Amino acid sequence: MKTKLNRLGILVLVGLCLLKPALAQTQTHGVRDKDTTASTCKNEPTAVDIRICEERKAYDERYTLIPHKQSYVLVFSHTDKISEASWAGLDGDPQNEEVKLQISFKLPLYRNIIKKKLSAYFGYTQVSFWQMYNWDASAPFRETNYEPEIMLYYFSGFEFLGMRNPLITLGFNHQSNGRSGSLSRSWNRLYLDFILARQNFAVSIKPWYRIPEGEEGDNNPDINKYLGYGELTAAYYSAIGGVYSLLFRNNLEMKNKNRGAVQFDVSYPVNKKPQVYFQYFYGYGENLVDYNHLTQRGGIGVLMSNWL
């Protein structure tokens with residue numbers, strides 16, 4: 001009975017964590033309905049501009065967390081293989097069916113710097129892989145990655161090749177899995193994120209630089225060979241409110257050393273919130289402990305906040 005109560009408590013906590021970021025979008029829509037100037041968001045030239053406009057309205061809400069990356073629960077997902085590293089220290093045998101969940105939010109630290117062109121933010125993303133259906137092994141969380149970051153937004157607004165660049169981000173990113181010994185994984189990066197948008201279509205070009213670590217303290221010295229030196233994301237906001245997105249990473253090496261990843265996402269609104277969500281991933285780096293492990297996963301679940 002105690003074990004079942006603990007699992008129920010985890011489910012409730014997960015639900016609350018996911019609903020929190022979603023409140024930002026829900027409250028934003030509420031403000032837009034009541035605000036006499038709300039139509040200004042609808043009149044923005046691209047879906048990204050609308051997102052930025054709605055976020056600015058949500059900043060003044062006292063109990064609001066702003067969505068950052070996607071927040072979702074893949075209630076059911078299947079992966080082709082669970083690596084030995086991610087199961088180390090756990091009892092029983094792993095199952096290929098599990099729950100994958102991610103929460104992501106950001107908070108403004110300082111806004112409207114230098115003629116309202118710059119703003120500073122703190123962001124946080126956490127992704128977990130939960131063997132919820134593995135009752136024989138007490139349904140453990142086999143891997144969790146933590147990703148805080150500090151970001152400086154520059155609202156540029158210039159035109160490039162027929163597309164609008166509403167935002168450039170300079171960020172410092174730390175990602176780790178909170179484990180010790182041979183299972184510890186972490187890295188620090190500096191990155192630039194260039195957003196290009198046209199109407200309901202958006203592209204993110206995000207190169208990064210890994211900050212070097214000492215040889216003794218580096219548990220994943222070859223992580224760039226698997227996750228590469230940046231990622232490209234394209235997203236389309238459809239007329240019915242669904243979002244289709246594709247993420248691509250590659251290390252740009254040739255022949256048998258070429259590695260990367262592809263992730264395809266589809267969300268479809270049943271109501272305003274939440275949305276039905278499908279995700280497919282193939283490649284390296286789905287999580288840190290498996291950064292050098294080739295993974296294929298498909299899953300379906302609930303999306304609480306999206307790119308657009």
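**Before you start**

This is a predicted model: local features need pLDDT of at least 70, side-chain atom pairs count only at pLDDT 80 or more, and totals for chains, interfaces and linings use all residues. Residues are numbered from 1 along each chain as its sequence is written, and side-chain values use heavy atoms, with hydrogens and water left out.

**Stop 1: the whole chain**

Show the cartoon. The chain has 5 helices and 14 strands. Both are DSSP runs numbered from the N terminus: helices are H or I with at least four residues, strands are E with at least two. Of the 308 residues, 50% are buried (buried is under 20% relative accessible area, exposed over 50%, partly exposed in between; 1.4 Å probe, protein chains only). Now consider contacts, meaning heavy atoms within 4.5 Å. Among those with a separation of 6 or more, 57% join residues 24 or more positions apart.

**Stop 2: the second largest pocket**

Select D49, R56, F155, R164 and P166. Of the 13 lining residues, these are the closest to the centre of the second largest pocket. A pocket here is an open set of points on a 1 Å grid over the protein atoms alone, where a 1.4 Å probe fits, with protein on both sides within 12 Å along at least five of seven lines; lining residues have an atom within 4 Å of a point. Its space is about 200 Å³, counted as the space filled by probe spheres set on the points, which are joined across faces, edges and corners.

Next, select helix 3 (47-59) and strand 7 (163-176). Each supplies at least two lining residues. Helix 3 gives the largest share, 4 residues. Which classes make up the lining? There are 7 charged, 4 nonpolar and 2 polar residues.

**Stop 3: K69**

Select K69, in the loop between strand 1 (66-67) and strand 2 (71-79). K69 counts as buried because its relative accessibility is 15%. Beyond four places in sequence, the contacts of K69 include Q102, S104, T125 and W307.

**Stop 4: two positive phi values**

Most residues other than glycine have a negative phi. Select S138, between strand 4 (118-130) and strand 5 (141-154). Its phi is near 65 degrees. S138 is exposed, at 52% relative accessibility.

Finish at Q199, in the loop between strand 8 (186-198) and strand 9 (201-210). Phi of Q199 is about 55 degrees. Q199 is exposed too, with a relative accessible area of 57%.

Technical notes
Nonpolar A, V, L, I, M, F, W, Y, C, P; charged D, E, K, R; others polar.
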